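Subject: Structure handover

Hi,

Here is the structure I promised to pass on.

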Amino acid sequence: MLRRCGLVVAFILATFSAFDASALERRVAFVIGNSDYREIQALKNPARDVVDVSNTFRQAGFEVFVAKNLTKLQFEDEFRNYLAAVDGADIAVVYYSGHGFQIGGENFLIPVDASLKQAADVEVQAIKLNDVLQQMRSKSKIQVIILDACRNNPFPRKDYWLRDQLLVASSTGLAQVRSSLNTLIAFATEPGAIAYDGSGDLSPFSSAFSRRALAPNQEIRTVMAAVRRDVVEATDGLQVPWENSSLIDEVVLMRRSSRPSLPPVLEKVVLSGGGPVDLDLPQPVEVDGGTITVSIERPPTLGRLMLDGKVIEAGGQIQGKDLPRLQMDVPKGVGDPEEMDMMAYAARDNWGGEARGMLVFRVKSGEGSQGQQVMASLEAEQKQQVLERGIHITGAAEAIENRKIDIPVGVGPVALKLNFPTQDTAVSLKVASYPATGTLSLPDRILSPASSLMADEVDQLRYEPQIGAAEAVEVAFEIRADNAASKPATMTLSPTVDACDTAAGEPLDLQGVVPGLLPNEIGADAVKLCEAAVKAYPDVARFRYELGRALLGAGKVDQARKIIKEAADRGHVRAVFELGYLYSTGTGVAVDRKQANTYYADAADRGDPYGMTSWGRALFNGYGVERDTAKGLDLLLKASAMGHTYAMNDLGAIFTEGRNGVPADQARAVAFLEAGVKRQDMYSMNLLARNYLIGSGVEKNPATALELYQKAADLGQPYAPGNLARMYRDGVGVERDPAEAQRLFEMATMRGDPSGAFDRAVFETEKGEKADQATAVRYLAFAAALDTRDQLPEALTNLAQFGTKVKTTALKQLRGELKSKLPASGSLDDQLVGAARRVWEEANPRRDVF
C-alpha cells in the first residue's frame, strides 16, 4: 500500500524546484462571423470560422463571446455586453470574419442586414473599426483586433457621408490602421488587398490562426508570423497576412506555466522473491490538458523496475498514463532484515512544465510464514484502500451530480461552494464538458475545456457567468482516482440578475448587465433592493450608481448625489455622466454648465455614449465651452454608432435644419431618425412623424405620421400626444375628432408639453358660448408654468386678458388638487402659474423628459 512519507518531505522540497504560478490574467475575446448577408453576396466560411476560432480562444483560457450573422442592432447589444465583461481586462480581443471595406481611410465592418443604398447609410448601418478600437482602449490594458474581412466591396453605391464629407469607398481591401500604444491589429491580407474565403470549411486565414494560436507559450507576433507563412503557402502567394503592432507587453495566447500534478513523496512496502509487484503509483494529472512523459531519474538499487515485462533503466521514459502499471521485482534474500530503497522520477508535459516525485521502499523478505503474514496484511490494506478510494469517488460524484446553483451576473467569479468530501491527492477531476458561456476558474488559473483539477482544489472552484447570457449551462466532470473506474458528474449553473439591476439598471451602461430602465420606470422598491445589493457587494460600483438612480426617482436628491459621487470615485463611468447631468439641470445643486461639461468630457473620454452625446452637443453648440463643431459632430456620430438614440435625434435635427456650417441634408436626417425608430426610441418616432407629415426627406404620408405619433404617445413621449391632437383637431390624415383632440391635449399637458397646454386653452376658448373660461385659464397657467425655455410668451399675455373672478375659480381648483398648501404670494397670475407648476411636479413626471 502506498503511504505519504513525512520523513523525507523536507528533503524533497529542498531538492526539487518549486512552482511559481503566474498572476491570473483577465482575457476576453469577442469572435464574430458574418456569412448570411441579406442584400449582398453571402460568404461561405465566416459562420464556420467562428466555431473553430472561439474554441481556440476558449482552450487558451479566454472568456469568449461568440456571435454569428449579426445585424447592426444585434452587434450593438453584443458589443455592449462584451465591453462590460472586458472592463479592466488585461487583454481584449476582437476577431471578425465577414465583409469589410474602407472609405476615405476609415475601415468599416458590415453587418448582415446592411444595404448601403443611400449616402448616409454607412453611418447608421455599418460598424467603424476605429470606434470599436477606441472602446477597447478605454476598457483594457492591451487590445488585439484580428480581421479576416478584406474582401471586395460588394455594394454598387460608392459615395458615402463620413462626418462632413461625401467620400468614395475603396473597391478592395481595408486601410492601414494607426494603433495606439499596446495594440496589435492583424489583417488577413495586406492593406488594400483581397482576402479569400477559401475552398475548404474555413478561410485560409482562420484555419491557419486556429492551428498556430494553440502553440504553447508563443508570443502573438511569432504566432502571426507562422500564420503568414501558412496563408502565403495555401494561396500561392496571392494573400499575405499583415499586422500593425505597437505592443510593449508580451502577449501569449496559449500560456502554459503550470506543471503536472502528482504526490511528491510516497511510501510502499515491497516483498522480495515473489516476482514483479505492482507499485500502484498514481497517474500524473496535467491540469492544463495534454500528454505527460515520465522519466526515471533514479531507479531502485535493490530490485528492477519493470513495465510490461521490460526493465526500465535510469533515464528511461514512459507515458504518464503507464505509470500506475509500473512494477518492481526484488530477488530472493533481499529484505531480511528490512532494507530501505527509493526511486525518483520526473513528470514533464509537452510545454515544459515539470513535477517530481519520490517513492520510498521498505523491502521485506517474502519468504516463510512471516512473509506470508506481511503479504496478507498488505493485501488487506490494498483492499481497504480500493474500498476507501471507491467511496471517495462516489462521494465526490454525489457532491456534484445534479447540483443546481444560481450564480449572480456581473459581480466577478463566484465560489461554487461544493463542499467536496475528499482531499485525497489521488483524486482528480477532468473537465468533460465546459460551460457554453462564462468562465470556470481557480484563484491561480482559468480553466479550459481540457483542464483538470485536484481534489483539494475543488472547494476553490469558481464560475463567472457571461454578461448577457440568460440560459443555464451544464458543467460535466470525469472524476478519477488512480486505476479505479472513473465516475461522471454534471451540475447546472444558472446566471441570475440581481434585483437591483432589474429595478434600477440603466440603458447603454457599458458596465451594466441589463437593458435598463428609463428614470420614470424605476419603481418604489428600487431603493430597498439596491441598498441590499450595495451591502452584499460593497466593491461593485454599479450597485452604488443604481442606488443613486433609485434615490433620485424617490426624490431623495441629496442622498442620491452623495452615492452617485461614491460610484464615480469607485470607477463607474455612467455615474460620472450623471454628476454632469445634475449640474446641467440644477438637480440638487446650482446650475453650472462648466462643471457639467467637465464631467461630460470625462465620461466621453472613457467611452460612455451618454457622455459622448452631452459633451458632443455642448461642443457643437458652444454650451458652456468654446464651440468646436467638428469635434462635437464626431462625438455625436460615435455615440450614435453605439446605439444611443439621443445622439441620433440630435443628428437628425442638425441635418434637418443645417447648423453651424453643417449643411442641411433631409435624407441624412431621416436616416438617423429611422435608426432611432428601429431602436424603439419614442423621441425618434415623434420627430420622424413630422417628416412624414410635411414630406421632408421622405414622401409625404400623413397615415405613417399618425402611426408614428401614436406609437410614440403609447411609449410615453411627452410631445407626441399634442401632435396627435392637432391631427384629430384639424382632420389631417384622420377623420376630425374634437373630443379625441381635447383628450390628447390634456394628456400632453400632464406630460409637460407647454404647447399642448396652450393649444388646449385655445381649443376651449374656441367653443364660444359653451367654453369654460376657468378651464382655459387653467391650461394657460400650465402652459406658462411648463414653458421653461420662454418659447411661449403669449401664454402669459393671454392669461392676463381674463377677469379676476375666472382666475380665482381656476386657482381654487388647482389648489384643491395639491397634496400640500401653497403659500399665496405675488399677483393672481403668478399664483396661478405657481400652483400649476406644483400640480405638475406632484404628479411625479419623468425626470428625463427635458
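Let me start with one of the helices, α16. Its buried residues are Thr 629, Gly 632, Leu 633, Asp 634, Leu 635, Leu 636, Leu 637, Lys 638, Ala 639 and Ser 640. Bear in mind throughout that this is a predicted model. That list makes 10 of the 13 residues in α16, so the helix counts as mostly covered, with buried meaning under 20% relative accessible area. What do those buried residues pack against? Their partners are five helices: α4 (121-125), α5 (129-139), α15 (609-621), α17 (645-657) and α18 (666-678). As for geometry, α16 runs over residues 629-641 and reaches 18 Å from its first C-alpha to its last, close to the 18 Å expected at 1.5 Å a residue. Just after the helix comes Gly 643, with a positive phi of about 95°.

Helix α3 (residues 72-86) can be read in much that way. It has 15 residues and spans 20 Å between its first and last C-alpha, close to the 21 Å expected. The helix is mostly covered, with 11 of its 15 residues buried. Among them are Phe 75, Phe 79, Tyr 82, Leu 83 and Val 86, and also Lys 72, Glu 76 and Arg 80. Just after α3, Gly 88 takes a positive phi of about 80°.

Now the rings. The count of aromatic pairs comes to 22. One of them is Phe 30 with Phe 75, a stacked pair at 6.3 Å centre to centre and 25° between the planes. Phe 30 sits in strand β2 (residues 27-33) and Phe 75 in α3, so this pair ties together parts that are 45 residues apart in sequence. Phe 30 is buried at a relative accessible area of 0%, and Phe 75 is buried at 8%. Another pair is Phe 65 with Tyr 82, this one edge-to-face, at 6.0 Å centre to centre and 85° between the planes. It links distant parts of the chain, as Phe 65 belongs to strand β3 (residues 63-68) and Tyr 82 to α3, 17 residues apart. Phe 65 is buried, with a relative accessible area of 1%, and Tyr 82 is buried too, at 0%.

Elsewhere, ring pairs join Phe 577, Tyr 581, Tyr 600, Tyr 610, Tyr 646 and Tyr 683 into a cluster. Tyr 610 also has a charge over its face: Arg 574 lies there at 3.9 Å from the ring centre. Arg 778 does likewise over the face of Tyr 779, at 5.8 Å from the ring centre.

On to the strands. β22 (residues 339-349) runs antiparallel to β17 (residues 292-298), and 6 bridges join them. Within that pairing, Arg 298 has Ala 344 of β22 as its bridge partner. β22 also pairs with β23 (residues 354-365), again in the antiparallel sense, over 10 bridges. There Asp 341 stands opposite Phe 361 in β23. The hairpin of β22 and β23 has 4 residues between the strands, and Gly 352 takes a positive phi near 100° in it.

Which residues have the most contacts inside the largest nonpolar core? They are Phe 30, Tyr 82 and Leu 461, in a core of 143 residues. Leaving aside neighbours within four places in sequence, Leu 461 is in contact with residues including Val 414, Leu 416, Leu 440, Leu 453, Phe 477 and Met 491.

Cheers

Methods
Residues are numbered from 1 along each chain as its sequence is written. This is a predicted model: local features need pLDDT of at least 70, side-chain atom pairs count only at pLDDT 80 or more; totals for chains, interfaces and linings use all residues. Side-chain values use heavy atoms; hydrogens and water are left out. Helices (H or I, at least four residues) and strands (E, at least two) are DSSP runs, numbered from the N terminus. The expected span of a helix is 1.5 Å times one less than its number of residues. Buried means under 20% relative accessible area, exposed over 50%, partly exposed in between (1.4 Å probe, protein chains only). Contact means heavy atoms within 4.5 Å. Rings of Phe, Tyr and Trp (its six-membered ring) pair if their centres lie within 6.5 Å; planes under 30 degrees apart count as stacked, over 60 as edge-to-face and the rest as tilted. A charge sits over a ring if NZ of Lys or CZ of Arg is within 6 Å of the ring centre and within 35 degrees of the ring normal. Two strands pair if DSSP finds at least two bridges between them. A nonpolar core is a set of buried Ala, Val, Leu, Ile, Met, Phe, Trp, Tyr and Cys residues joined through side-chain atoms within 4.5 Å.
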